[in-house]
Amino acid sequence: MNNLRIFFLFLTLTPYLLPLTAFAQIDPPLRIELESAKDQQDYKCVSLANKGVAVFYQSAILSVDTAQWVFIHYDTNLVRTNLFKVKIPNLCQYMAADFSNHKLYLFLQKPAYRKDSLQNYLLEWDITTNDFQLFNLQNYKYPYLTSIKVRDDYLFITVNDAKARAIIYYNYKTDAKQTIQFVDEEIISIESFGIDTILKKTNFCMFLKNRQNARAELFITDYSGKIKERVALPFYPDLIYNSTKISVVGKDSLLLSGAYSNSKDKKSKNSYTGIYTLLFVKNRFSEIKTYPFGALLINDSKLNTLQFSEPNLTMNEHITQSNGHIFAITEICYPEYQYTSSSYRSYRHYGYDPPVQVFAGYRFASACILEFDAQGLLLNEWFFPINNVLTQSLYNLVSVYQNNERNTLMYYTYQNMITSQYVIGKQVLSAQAAIPVELMNKTDILEYSSGLSMRNWYDNNFLLSGYQYIKNTQRGKKRYVFFINKLVCE
């Protein structure tokens with residue numbers, strides 16, 4: 001295997017600094033490949049922070065009741081250190097994962113089949129001792145799952161499905177369970193479940209509705225699910241909360257941030273007015289701070305040129321945290337249509353059948369990125385163009401990474417390209433640049449890629465993973481692989 005590296009350059013701005021590219025390619029990146037059956041996506045990859053990365057998959061069916069799964073541990077240089085074969089109940093499906101305190105937790109679900117009822121399991125892998133334990137979650141019968149977190153023998157399960165919404169506190173070693181649901185109130189959504197490991201508390205926000213009103217409430221509980229605080233977010237007559245992300249910013253201090261809409265604005269679905277921040281300190285909310293997007297469409301020349309009416313505009317928002325700061329990323333996209341006509345157009349009394357309008361997907365146009373400090377004060381605002389991205393469904397595309405010197409990298413992956421731009425404060429250090437994902441060999445040619453995912457791994461290291469169909473011109477062979485590339489930001 002080639003020794004491969006990609007570097008993100010982070011430099012201090014000086015008056016003599018020439019324009020930079022956000023990626024400086026010294027050598028191709030460290031990379032591993034695992035071959036798969038064509039168009040099958042069987043491999044799962046979970047970051048273990050500075051302990052490496054885990055890859056796992058079902059390798060064989062041993063009997064009607066038992067399957068064999070393979071777990072591979074790679075170190076931070078993507079060198080394989082261990083491979084384990086573990087017996088798992090047959091027909092189990094991987095649902096979600098969490099990594100904490102040197103242990104990887106996998107939530108597995110065996111659907112109801114014939115006379116068997118639905119079964120849920122938690123697999124615990126201690127990567128320091130390489131011990132595996134499988135726990136049957138006998139008191140948990142939900143078929144739905146959104147995410148999990150595990151701390152101190154407690155499994156926290158968020159169910160945010162259209163058919164069921166609840167938060168379950170489950171001690172997987174004693175089977176003690178506590179469920180947060182409401183009989184007289186409908187849960188519209190569960191927002192931002194988080195854990196304060198210092199105070200051993202959990203916090204989340206729920207959007208609730210009953211016959212009288214709809215509102216957003218902040219909940220703080222202990223690890224067993226006992227509610228310690230339940231506080232409604234401040235009411236403002238002209239403001240509607242659309243989403244909430246909770247960040248622990250100090251002892252007894254939370255920062256809530258998300259999207260909001262003005263009541264008088266006629267917004268289409270998935271659109272909103274701007275971003276708000278709201279500080280919760282010692283059981284009290286501060287005054288809300290709002291940052292409207294009124295100038296967003298005016299400032300974005302691409303959208304101005306396209307002259308879209310507001311109801312056709314979709315704004316895709318997500319909140320992330322890096323270097324102790326909060327970043328609100330609003331991605332501007334619009335539905336795109338194509339007109340097609342059949343080669344066998346029939347003639348009717350009114351003429352030929354007209355062309356048919358077909359939905360082509362959502363065309364991403366640009367991203368507006370707001371940076372806030374721990375008090376919710378706006379520090380910076382950037383516009384990040386998005387080029388030639390057309391998807392069938394909306395998802396969070398752009399990501400942000402900031403190092404200790406507050407150098408900020410904005411990036412996204414699409415098809416086989418990584419597009420990025422590097423800024424410090426309000427100054428742009430590099431023009432937007434795009435580089436291809438490096439392959440294993442110089443004689444490799446990429447046929448296509450799918451499922452690309454790039455995320456911060458630990459410190460200034462990144463993981464890029466996905467599937468690729470590759471042709472080798474020298475050997476004349478093709479291979480379909482699951483790959484992982486390591487990228488280093490320097």
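The following conversation goes through selected local features of a predicted model.

Visitor: Let us start with Met206. Which strand is Met206 found in?
Guide: Met206 belongs to strand β18, which covers residues 201-209.

Visitor: Is Met206 buried or exposed?
Guide: Met206 counts as buried because its relative accessibility is 0%, and the cut-off for buried is under 20%.

Visitor: Which residues is Met206 in contact with, leaving aside neighbours within four places in sequence?
Guide: The contacts of Met206 include Ile167, Ile180, Phe182, Ile187 and Ile190. Ser189, Arg215, Ala216, Glu217 and Phe219 are also in contact with Met206.

Visitor: And how many residues apart in sequence are Met206 and Ala166?
Guide: They are 40 residues apart in sequence, and the C-alpha to C-alpha distance between Met206 and Ala166 is 9.9 Å.

Visitor: What about Leu487, where does it lie?
Guide: Leu487 is part of strand β41, residues 477-489. Leu487 counts as buried, since its relative accessibility is 1%.

Visitor: How many residues apart in sequence are Leu487 and Phe462?
Guide: Leu487 and Phe462 are separated by 25 residues in sequence, while their C-alpha atoms are 5.0 Å apart in space.

Visitor: Changing topic to sheets. What order do the strands have in the open sheet of four?
Guide: The order is β5-β6-β7-β8, and the pairing is antiparallel.

Visitor: Which strands stand at the edges, and why is one side of each left without a neighbour?
Guide: The edges are formed by β5 (44-47) and β8 (80-89). Each has a single partner strand, so one side of each has no neighbour in the sheet.

Visitor: How are neighbouring strands of this sheet turned against each other?
Guide: On average the angle between neighbouring strands is 25°, with direction ignored.

Visitor: How many bridges join β7 to β8?
Guide: Nine bridges join them; β7 comprises residues 66-74 and runs antiparallel to β8. As for individual positions, Ala67 stands opposite Ile88 in β8.

Visitor: On to loops. Where is Asn403 found?
Guide: Asn403 sits in the loop between β33 (399-402) and β34 (407-414). With a relative accessible area of 11%, Asn403 is buried.

Visitor: What lies 3.1 Å from a polar atom of the Asn403 side chain?
Guide: The backbone nitrogen of Glu405 lies at that distance from the side-chain polar atom of Asn403.

Visitor: Now backbone angles. What is the phi of Asp175?
Guide: Phi of Asp175 is positive, about 65°, although Asp175 is not a glycine. Asp175 lies in the loop between β15 (164-171) and β16 (176-180).

Visitor: What relative accessible area does Asp175 have?
Guide: The value is 19%. Asp175 is therefore buried, given that the cut-off is under 20%.

Visitor: And what is the phi of Asn323?
Guide: Asn323 is a residue other than glycine with a positive phi near 55°. The loop between β27 (314-322) and β28 (325-340) holds Asn323.

Visitor: What relative accessible area does Asn323 have?
Guide: Asn323 has a relative accessible area of 29%, so this residue is partly exposed.

Visitor: Last topic, cysteines. How many disulfides does a search of the whole structure find?
Guide: The search of the whole structure finds zero disulfides.

Visitor: Is Cys333 buried or exposed?
Guide: Cys333 counts as buried because its relative accessibility is 0%. Cys368 is buried, with a relative accessible area of 0%.

Methods: Residues numbered from 1 in each chain as written. Predicted model: local features only at pLDDT ≥ 70, side-chain atom pairs only at ≥ 80, totals over all residues. Heavy atoms only, no water. Helix = DSSP H or I, 4+ residues; strand = E, 2+ residues; numbered from the N terminus. Buried < 20%, exposed > 50% of the residue type's maximum accessible area, 1.4 Å probe, protein only. Contact = heavy atoms within 4.5 Å. Pairing = 2+ DSSP bridges. Axes fitted to C-alpha atoms, helices over the stretch in contact; angles between N-to-C directions. Polar contact = N/O pair within 3.5 Å; in protein donor to acceptor, adjacent residues only side chain to side chain. Disulfide = S-S within 2.5 Å.
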